[in-house]
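Here are my notes for you, as one colleague to another. Keep the picture open while you read, and take the points one at a time.

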Amino acid sequence: MHIQQMRYFCTAARSENLTKAAQRLFITQPALTKSIRALEAELGVTLFRRNGASLTLNAAGKQTFDRFSRILQELDLLEADLQKHRLPSDRISVCSAILLCSQYLLAEYILKEPNTLNTFFRPDNEVEAKVLFDQEADLLISYHPIQAADVTCITLFEDELLLRLPVTIPIASTDPVDLSLFQHEKFVIVKLDQPVQQIVLSLLELHHIPLQNREFVQDELPNVHLLPYYVQLENAICFTTVMAASYLDFRHYQVTRIQGSQTVIPYYVSYLTYKRPAVAPLIDWMRKRHQLAIQKVESLRSTAP
C-alpha cells in the first residue's frame, strides 16, 4: 500500500466520480481505476458501489476513508513541522528551465541570501514532476505548468515581451507599437528558450515581417545567456522581456511594448505541496523582484528619446 494510493482513493471518494477525480489529480481515468482496484485487491474488500463513472462509498469504503483521511492529515502535518526544523545550512535546490532566471534572478537572490540555494538549468521539455519526486530539486521554474498529484503549481509572474529598438529608429506615437511599422528593419531572433522563440516567430508572421529581415543568432556563441536580451548587431531590432530589461543596460536602445495578444510569457513554479514553507520565501521574493522590474521598465520608457 502506497501513500499515493491512499490519496487517489480519498480524492475519488470525495469527488464521487472517476472522471472528476482524475482531473483533480491530473492523471488519466484508467490510471485512477487501476490504482483503486489494486488497493481493493490488497485490502481484500471492495470500497465503492459503482454506477459507470459514478462512485459511492460502501460500508468498508467509509471506514477506510475515515482512517486514510486521518493518516494523510497527520502525514501532511508531520511534513510541514519537519520543514520548520530545517538546519540553517540546508539549501533549497532549484531547477530552472528559463536561462534568465538561472543567470540573473536566482544569482541575485544568492547574493542577497548566501548559502541558501543550489541551482541548475535544464531545458523546458526536460522539466517534469519526476525531478521533484526524485528529490533532485525542491522547486521547478518553467514555461509550462507541472501537473501531478501532491504537486502545487502556480504562476510565478507573467513577463511581458518587449521590443528593443536602436535609438536611430523613431518610435511611433502610439504605444504599444505595431510591428508592421518595421517591416523594412532587421530583426534578431535567438535560437534559445524555445517557447519564447515561438512567440517571437508567431508575432513576425502575424505582422508579415519578411524572412530576409530576420537574422538568426546561433546558440553556440559565448555568453549565450546574454543574447536574448543584449544583441550587439548594429541597427537591429531585438526582443527582450520586462525582467531581462531590468538587468541589462541598453545605452543605444529604446524600449516599447508590442501590439498583439501573444506578448505575455507566463513563468510557473512547481513544488511538492508539503515543501511550501521552505520555498515560499523565494517565491515571494521573485514576485516582488518582478514588480520592481516593471517599475524600472516604466521609467525607461518614460525617458526614451
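Before we start, one term: two residues are in contact when heavy atoms of theirs lie within 4.5 Å. Please also keep in mind that this is a predicted model.

1. **Met-243 and its surroundings.** Which residues does Met-243 touch, once its neighbours within four places in sequence are left aside? They are Leu-100, Leu-105, Phe-157, Asp-159, Arg-289, His-290 and Ala-293. Met-243 itself sits in helix H8, which covers residues 242-247. Its relative accessibility is 1%, so Met-243 counts as buried, the cut-off being under 20%.

2. **The chain as a whole.** Now zoom out. The protein chain has nine helices and eleven strands. Of its 305 residues, 46% are buried. Among the contacts with a separation of 6 or more, 74% are made by residues 24 or more positions apart. The chain exposes about 15,900 Å², and 52% of that is supplied by carbon and sulfur atoms.

3. **Phe-9 and Phe-48.** The structure holds five aromatic pairs. One of them joins Phe-9 and Phe-48, in a tilted arrangement with 5.4 Å from centre to centre and 55° between the planes. This pair links distant parts of the chain, since Phe-9 belongs to helix H1 (residues 3-15) and Phe-48 to strand S1 (residues 48-51), 39 residues apart.

4. Why does the pair tie together separate parts of the sequence? Phe-9 lies in helix H1 and Phe-68 in helix H4 (residues 59-84), so parts 59 residues apart in sequence are tied together. Phe-68 is buried, as is Phe-9. Phe-9, Phe-48 and Phe-68 form one aromatic cluster, so try showing the three rings together, because a pair of aromatic rings is described by the distance of the centres and the angle of the planes.

5. **Strand S3 and its partners.** Next, find strand S3 (residues 92-96), which pairs with strand S4 (residues 117-121) in the parallel sense over five bridges. Within this pairing, Ser-93 stands opposite Asn-118, and Ser-96 stands opposite Phe-121. S3 is also joined to S5 by three bridges, and these two strands run parallel as well. Here Ser-96 stands opposite Ile-141 in S5. Together, S3, helix H5 (residues 99-112) and S4 make a right-handed β-α-β unit.

6. **The two faces of S3.** In a regular strand the side chains alternate between the two faces of the sheet. In S3, Ile-92, Val-94 and Ser-96 point one way, and Ser-93 and Cys-95 point the other way. How many of the five residues in S3 are buried? Five of the five are, and S3 is described as mostly covered.

7. **Cysteines.** The structure holds zero disulfides. Cys-95 has 0% relative accessibility and therefore counts as buried. Cys-153, at 26%, counts as partly exposed.

8. **Two backbone angles to check.** Gln-135 has a positive phi of about 65° although it is not a glycine. Look for Gln-135 in the loop between helix H6 (130-133) and strand S5 (139-142). His-208 has a positive phi too, of about 60°, and it is not a glycine either. The loop that holds His-208 runs between helix H7 (194-206) and strand S8 (214-217). His-208 has 60% relative accessibility, so this residue counts as exposed.

9. **Phe-239.** One last stop is strand S9 (residues 236-241), where you will find Phe-239. At 7% relative accessibility, Phe-239 counts as buried.

How values were computed
Residues numbered from 1 in each chain as written. Predicted model: local features only at pLDDT ≥ 70, side-chain atom pairs only at ≥ 80, totals over all residues. Heavy atoms only, no water. Phe/Tyr/Trp six-rings, centres within 6.5 Å; stacked < 30°, edge-to-face > 60°. Helix = DSSP H or I, 4+ residues; strand = E, 2+ residues; numbered from the N terminus. Buried < 20%, exposed > 50% of the residue type's maximum accessible area, 1.4 Å probe, protein only. Pairing = 2+ DSSP bridges. Right-handed = clockwise from strand over helix to strand, strands pointing away. Disulfide = S-S within 2.5 Å. Areas by Shrake-Rupley, 256 points an atom, 1.4 Å probe, with all protein chains shown as cover.
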